[in-house]
Amino acid sequence: MNCRELTQALTDRREGRLAPAALAALDAHLALCPDCRCYVDKFERTITTVGDIANAPPEPAPDALIRAVLDARRRGG
Amino acid sequence: MSRPSDPARAVAEQALLVRLRAGDDDAFAELVRAHAGRMLLLARRLLRDSQHAEDAVQDAFLAAFRAIDGFDGRALLGTWLHRIVVNSCLMRLRRAEPAAASIDALLPAFRADGRHDPAPAAWPDPRASHAETLALRDAVQRALDRLPAVYRAAVVLRDLEGLDSAEAAAALGIGEDALRQRLHRGRQALAKLLEPTMMGGAL
């Protein structure tokens, strides 16, 4: 496995979709390649960072939107 | 996705549902106030235009009102509304951002022998002050906005909304392999788009 193939396999690895042989090849490459360890760190932190904003509490919707929805319903929208 | 496992909540939902089906104006107002903020946030993540996001939420509520008699109560109302607003957004996304813009420039590059080119630069350890958390949130939203629509939808549904691959693929009307490919490219592109922020500049 080379760096290109490793970077392409990272989502499949997270989803448990790599065959044991591919997983072993990935781990073997990773053990020897600082560039790929760096890339994996950035890839994983990207997913964590994006996931973190999911925990942001929503702001209340604007009153105008709520009124528009309720008015449209009364009009039989 | 959440199901009505909390008995008190299930009872409250059932009572609200009875009032909704009876056409009680106050019940509709309660439903909209309780869920509009969450739905708008989701819509804004899927659609980069705030006005389109509001329109998608309005469409979703009106579709939900029309379908309320057919709602079987097996999912929570919030889960059901979530599904409807996702569909409403995806319909708009197909209309507003139809062309599959190329993502190639945002993917990592390699030499002919398959090695990284250039070598990736490490991100420093994350900082964690409140102001930086808010700035990071903005940076993530801006990065999502810059993703071509099909990749943005895959990342938002999987990595923000927490759908599994089967659910996200079904929502997008594609197979799971295609979903995983879009998700993977979207994640790689986001890593590139977040690079300036994560390197410590341009928060």
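Visitor: What is the relative accessible area of B:Arg111?

Guide: B:Arg111 has a relative accessible area of 41%, so it counts as partly exposed. That class lies between buried, under 20% relative accessible area, and exposed, over 50%, with a 1.4 Å probe and protein chains only. Its salt-bridge partner is B:Asp113, with N and O 2.9 Å apart. The term salt bridge stands for a side-chain nitrogen of Lys or Arg within 4 Å of a carboxyl oxygen of Asp or Glu. B:Asp113 is partly exposed as well, at 42%. Elsewhere, salt bridges with shared partners tie A:Glu15, B:Arg158, B:Glu176, B:Asp177 and B:Arg180 into one network.

A word on the ground rules before we move on. This is a predicted model, in which local features need pLDDT of at least 70 and side-chain atom pairs count only at pLDDT 80 or more, while totals for chains, interfaces and linings use all residues. Residues are numbered from 1 along each chain as its sequence is written, chains are lettered from A and ligands numbered from 1 in the order in which they are written, and side-chain values use heavy atoms, with hydrogens and water left out.

B:Ala109 sits in the loop between helix 4 and helix 5 of chain B; helices here are DSSP runs (H or I, at least four residues), numbered from the N terminus, and strands are runs of E with at least two. B:Ala109 is partly exposed, at 41% relative accessibility. Beyond its neighbours within four places in sequence, B:Ala109 is in contact with B:Arg115, B:His116 and B:Asp117, where contact means heavy atoms within 4.5 Å. B:Pro118 belongs to the loop between helix 4 (77-96) and helix 5 of chain B. As for B:Pro120, its C-alpha is 9.9 Å from that of B:Ala109, and the two residues are 11 apart in sequence.

A:Glu15 and B:Arg158 form a salt bridge whose closest N and O atoms are 2.4 Å apart. This pair crosses from the loop between helix 2 (10-14) and helix 3 (20-32) of chain A, where A:Glu15 lies, to helix 6 of chain B, which holds B:Arg158. With 23% relative accessibility A:Glu15 is partly exposed, whereas B:Arg158 is buried, at 16%.

The count of salt bridges over all chains is 20, and five of them are found across the interface of chain B and chain A. B:Asp25 and A:Arg73 form a salt bridge too, with closest N and O atoms 2.9 Å apart. There are 16 residue pairs in polar contact between chain B and chain A, both residues being at pLDDT 80 or more. On the side of chain B that touches chain A, the elements giving two or more residues are helix 2 (25-46), helix 3 (50-67), helix 5 (130-146), helix 6 (149-160) and helix 8 (176-198) of chain B. That side of chain B is made up of 29 nonpolar, eight polar and 17 charged residues. A polar contact is a pair of N or O atoms within 3.5 Å; within protein, one must be able to donate a hydrogen and the other to accept it, and residues adjacent in sequence count only if both atoms are side-chain atoms. Nonpolar covers Ala, Val, Leu, Ile, Met, Phe, Trp, Tyr, Cys and Pro, charged covers Asp, Glu, Lys and Arg, and the others, Gly among them, are polar.

In total, 54 residues of chain B are in contact with 41 residues of chain A. The two chains bury about 4100 Å² between them, 65% of it on carbon and sulfur atoms; buried area is the accessible area (1.4 Å probe) that two parts lose on being put together, summed over both.

Finally, the confidence scores. The mean pLDDT, the predictor's confidence in each residue from 0 to 100, is 90 for chain B, with 93% of the residues scoring at least 70. Chain A averages 94, and 99% of its residues reach 70 or more. The model as such scores ipTM 0.93 and pTM 0.89.
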